[in-house]
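Here is a short note for a colleague who is opening this model for the first time. Please keep the structure in view while reading the points below.

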Amino acid sequence: MSDSPTRVLFVSSESRPFASTGGLADVAGALPVELNREGIPVDRIMPLYRQVRDRMERHGNSLERTGFTLRIPLGNDQVSAEIYSTEFEGARTYFVNHEEYFDRQDLYALPHREYRDNFIRFLFFQKAVVALIDAMGQPYDLLHLNDWQTGLVPLFLQKGIFGTGREGREKTLFTIHNLAYQGTYPAVHLYETNLPANLLSNYPQLEFYGQLNQMKAGLIGADQVNTVSPNYAREILTEEFGCGLEGVLQSLERPVTGIVNGVDIQDWNPETDPTLPATYSAKAFTGKETCKKQLLAEFGLTYDKDKPLLVMVSRMVEQKGFDLIGQAIEALMSLPLQMVVLGSGQEQYQQDAVSWAKRWPDQFGVRIGYDSDLSHRMEAAGDFFLMPSRFEPCGLNQLYSLRYGTIPIVNRTGGLEDTVSDYRQNSAEGTGFLMTTYTPEAFIDCIRSAMSLYHHKPEFRKVRQRGMRQDVSWKKTASDYLDLYRSLFA
Ligand code: ADP
Ligand code: GLC
């Protein structure tokens, strides 16, 4: 056997530029492309959401029919999966189509609730992945799986999608992007998997307190498990961050490893970014000030050079620290600063942010929604980027911020701790501010320190420049993944 995979299939529930709700899509969009550049052929596969079709139409790209129409068993039913594909940036992407499941307004949920049939939708997707591989004549020797929507794939590789067994030789790497989402559903669904009925009682890989847990199945079923930062790889072995799966993670034969995500440095480049009103570099910041002025105007706020601008682009969920901001908002708004937020998610957090914009109209701006171009303009406009996450497997926005000279203010957790070095601990090397504890007091304390740096202009500039010079590209990440891939074939 060779010491390297010859062809890899990257399996994920979302990928840029086709359909995206968060960081997983950024990773799925960039890593396969970078690995292809390194000489390892990597294809992708994902569901054919309405967003994919819309995007292809907008950009005049075409979806090609592959000619593969697969019959997918779901219990006693058989549902057909049509496979489309396209080539983008040198990587081939396969799309699994079934209109009833994927031609919808959103990927996973409506604003107020998850789609009721998510178990079936992603079960269908996972079975289609294995069915396609078989229909193609098993061309892949490694499957790179991502998050719970792919957790059953190792089981189907072994047992087959009819549960009757399968001859296969593929290795599997399972990457945890977020352990908090586990794809746990009632055990009655076992029937739709067509897996042997005794699996739940006799096998530990799927059962979790009487339910089906797809994350757990992925952790146990894959040849290797990794996650998106070394620090999170350690944290998830503890009760505090393990989301109930710390015991499973501790008992894996091959320890969980961590590789920090990278940044698409072409897409995120302040010197060339076409979405910005003015470009800039680490040597010339004038354009950045123009971006700040324009963004403030866009949000109806008045520019004041003495007030730092704090920006935040985020899914509005508990993970990201919106509860903490809520507790600190009065203290925060009593400081001479301005803040703008872009995000969407839980109704309560959306309402909170809208109410703060009403209460402090000269200081606080908000946009509810998902807007990629605006997120670039915000990264460029900010003096500081706020990311007080309760936990953070890796985090990408702090990396974009470093690259845009927007100093990150983050909680000391997960990938944030791996990628931002604390100015207060080491002013000669610091690139941002890390909270000492997850409390409103520690948060405000951090903001105060950041503000005093803001008013020391030469030093402020130095810290900005240091961040902008940090290597956050995919190159190192891709080469670490390559080593991990190879370790499975050694
Ligand atoms: P997570 O994946 O947990 O949401 P990350 O920091 O890894 O967090 O990645 C978030 C990604 O999603 C970034 O690319 C960020 O810019 C993008 N993003 C999140 N919310 C929005 C939004 N409302 N509009 C535009 N981009 C967003
Ligand atoms: C998840 C995590 C985030 C990470 C992203 C990509 O959504 O919440 O921290 O950066 O996946 O790996």
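**Salt bridges and ligand shells**

1. Start with K475 and E38. They form a salt bridge, with 3.4 Å between the closest N and O atoms. The term means a side-chain nitrogen of Lys or Arg within 4 Å of a carboxyl oxygen of Asp or Glu. The pair links distant parts of the chain, 437 residues apart. K475 sits in helix α19 (residues 474–487), and E38 in the loop between α1 (23–37) and β2 (42–47). Helices (H or I, at least four residues) and strands (E, at least two) are DSSP runs, numbered from the N terminus. E38 is partly exposed, at 31% relative accessible area. Here buried is under 20%, exposed is over 50%, and partly exposed is in between (1.4 Å probe, protein chains only).

2. A word on the basis. This is a predicted model, where local features need pLDDT of at least 70 and side-chain atom pairs count only at pLDDT 80 or more, while totals for chains, interfaces and linings use all residues. Residues are numbered from 1 along each chain as its sequence is written, chains are lettered from A and ligands numbered from 1 in the order written, and side-chain values use heavy atoms, without hydrogens and water.

3. Next, E298 and R377. Their side chains meet in a salt bridge at 2.7 Å, N to O. E298 is in helix α11 (residues 286–298) and R377 in helix α14 (residues 372–381), so this pair ties together parts 79 residues apart in sequence. E298 is partly exposed, at 32% relative accessibility.

4. Helix α19 also holds a local pair. D480 forms a salt bridge with K476, the closest N and O atoms being 2.9 Å apart. The two lie 4 residues apart in α19, about one turn of the helix. D480 is partly exposed at 24%, whereas K476 is exposed at 51%.

5. Salt bridges also join into a network, which links E64, E87 and R92. How many salt bridges does the rule count? The count is 25.

6. Now ligand 1. It is surrounded by 21 residues (a heavy atom within 4 Å). The closest are G23, D26, R315, K320 and G369. Polar contacts are pairs of N or O atoms within 3.5 Å; within protein, one must be able to donate a hydrogen and the other to accept it, and residues adjacent in sequence count only if both atoms are side-chain atoms. A side-chain N or O atom of R315 is 2.6 Å from an oxygen atom of ligand 1. For D26, a polar side-chain atom lies 2.7 Å from an oxygen atom of this ligand. K320 also places a polar side-chain atom 2.7 Å from a ligand 1 oxygen. Ligand 1 alone exposes 560 Å², and the protein buries 92% of that (Shrake-Rupley method, 1.4 Å probe; for residues, only the protein chains shown count as cover). β15 gives the most to this shell, with 3 residues.

7. Last, ligand 2. Of the 13 residues around it, H177, N261, E392, C394 and G395 come nearest. The side chain of H177 has an N or O atom 2.6 Å from an oxygen atom of ligand 2. Q319 has a polar side-chain atom 3.1 Å from an oxygen atom of ligand 2. Where does ligand 2 lie? Domain 1 (8–262 + 475–487) and domain 2 (286–471) both give residues to its shell, so ligand 2 lies between them. The domain bounds come from an automatic or database domain assignment.
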